[in-house]
Amino acid sequence: MDLNKQSKRSPGRRGLLRGATVACCALALSAAGATAASASTPTAHTAHTAHTAHTAHTAHTSHTVNYVALGDSYASGPGIPTQVDATCARSDQNYPSLLAAARNWQVTDVSCSGATTMALAGPQGTQAPQLDALRADTDVVTLTIGGNDLGFSNNLATCAGLTSKDPTGSPCQTFFTSDGTDRLAQRVDDIAPKIAAALDAVRERAPHAKVLVVGYPDLFPDDGVGCTSSAVPLAAGDFAYLRDTEKKLNAMIADQASAHGAGYVDTYTPTVGHDMCEPAGERWIEPLVATAPAAPAHPNAQGQQAMAAAVEHAVRCGAYRR
């Protein structure tokens with residue numbers, strides 16, 4: 001599939017926050033994973049629109065909302081201008097920054113590229129444990145974590161390296177299931193108690209905070225149809241396998257959020273049709289050879305806007321729980 005080919009999957013261009021005005025039940029914000037209406041192309045007025053809608057609320061309270069953003073590169077926004085922390089590859093246009101601007105919240109963003117669940121309670125290189133940012137008076141916490149525990153970047157590199165052996169087949173799936181067990185699916189199961197422990201630790205450090213666990217956006221075509229190319233060097237038959245692996249990860253994270261008193265934000269459904277196989281300008285996830293200023297296989301600026309809109313909707317709908 002040519003990456004420059006006009007996609008048949010992409011929805012029409014509309015204001016991104018239009019989805020935030022529909023009934024709250026239309027978005028999958030719980031562990032049950034209810035079906036969401038598709039989000040549309042992000043626009044520059046995202047933060048302004050959300051802030052305008054929030055004005056009535058802020059007029060009734062002088063309390064400054066203390067918001068802490070935890071997580072990995074899907075929260076930090078590597079490569080997206082402007083990078084404000086080189087060590088963590090953190091952008092001031094990532095979803096935590098956009099959400100904070102939209103809600104007029106005071107944000108402490110400690111999300112960091114490469115973070116695993118271990119980086120929450122323990123140091124990540126020279127970076128302090130992310131949980132140290134939490135306080136008794138923290139009001140809201142977002143958390144995006146688990147992808148690096150799964151080893152997703154390394155897995156993609158492995159899959160790309162196997163493509164030449166069988167470009168029309170599924171050599172990646174064969175590799176990860178060669179012993180009769182899906183090793184990636186097993187890793188997802190193994191990560192579950194780590195997510196559980198992380199959420200318990202968040203609750204211990206910030207007992208009064210409203211906690212939202214933010215899932216991963218749609219990286220691969222949801223219909224399973226691949227786009228093998230120099231920019232996306234994955235075998236045709238492996239796209240569906242990688243899609244299913246990501247869905248397993250998101251489902252596990254959603255289950256853990258529900259079991260530990262947190263809300264879950266589905267960023268997968270609103271980004272369907274904007275995966276790495278879409279043409280430049282329509283994709284919100286960069287391919288393995290990125291063309292927009294963003295990390296490979298990560299959200300670009302539009303992708304971060306889409307994630308921010310999904311979280312904003314969750315906040316409006318009260319998807320979090322104490």
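## Helix 3 and its covered residues

In this predicted model, the buried residues of helix 3 are Tyr95, Pro96, Leu98, Leu99, Ala100, Ala102 and Arg103. The helix, which spans residues 95–103, is therefore described as mostly covered, since 7 of its 9 residues are buried, that is, under 20% relative accessible area. Just after helix 3 comes asparagine 104, which takes a positive phi of about 60°.

Alanine 102 belongs to this helix, and because its relative accessible area is 4%, alanine 102 counts as buried. Although 206 residues separate alanine 102 from alanine 308 in sequence, the two lie 9.0 Å apart in space, C-alpha to C-alpha.

## The nonpolar cores

The largest nonpolar core has 52 residues, and those with the most contacts inside it are Leu70, Leu134, Phe220, Leu234, Leu242 and Met252. Several elements each supply at least two residues of this core, including strand 1, helix 4 (118–121), strand 5 (140–144) and helix 9 (238–259). The largest share, 9 residues, comes from helix 8.

Methionine 252 touches Val188, Ile191, Ala192 and Ile195, when residues up to four places away in sequence are not counted.

## Aspartate 72

Aspartate 72 sits in the loop between strand 1 (66–71) and helix 2 (73–76). Aspartate 72 is buried yet has no salt bridge, and the nearest side chain of opposite charge, that of arginine 90, is 11 Å away. Leaving aside residues up to four places away in sequence, aspartate 72 touches several residues, including Ser111, Cys112, Thr144, Asn148 and Tyr216.

Methods. Residues numbered from 1 in each chain as written. Predicted model: local features only at pLDDT ≥ 70, side-chain atom pairs only at ≥ 80, totals over all residues. Heavy atoms only, no water. Helix = DSSP H or I, 4+ residues; strand = E, 2+ residues; numbered from the N terminus. Buried < 20%, exposed > 50% of the residue type's maximum accessible area, 1.4 Å probe, protein only. Lys, Arg positive; Asp, Glu negative; His and termini not counted. Salt bridge = Lys/Arg side-chain N within 4 Å of Asp/Glu carboxyl O. Contact = heavy atoms within 4.5 Å. Core = buried A, V, L, I, M, F, W, Y, C linked by side-chain atoms within 4.5 Å.
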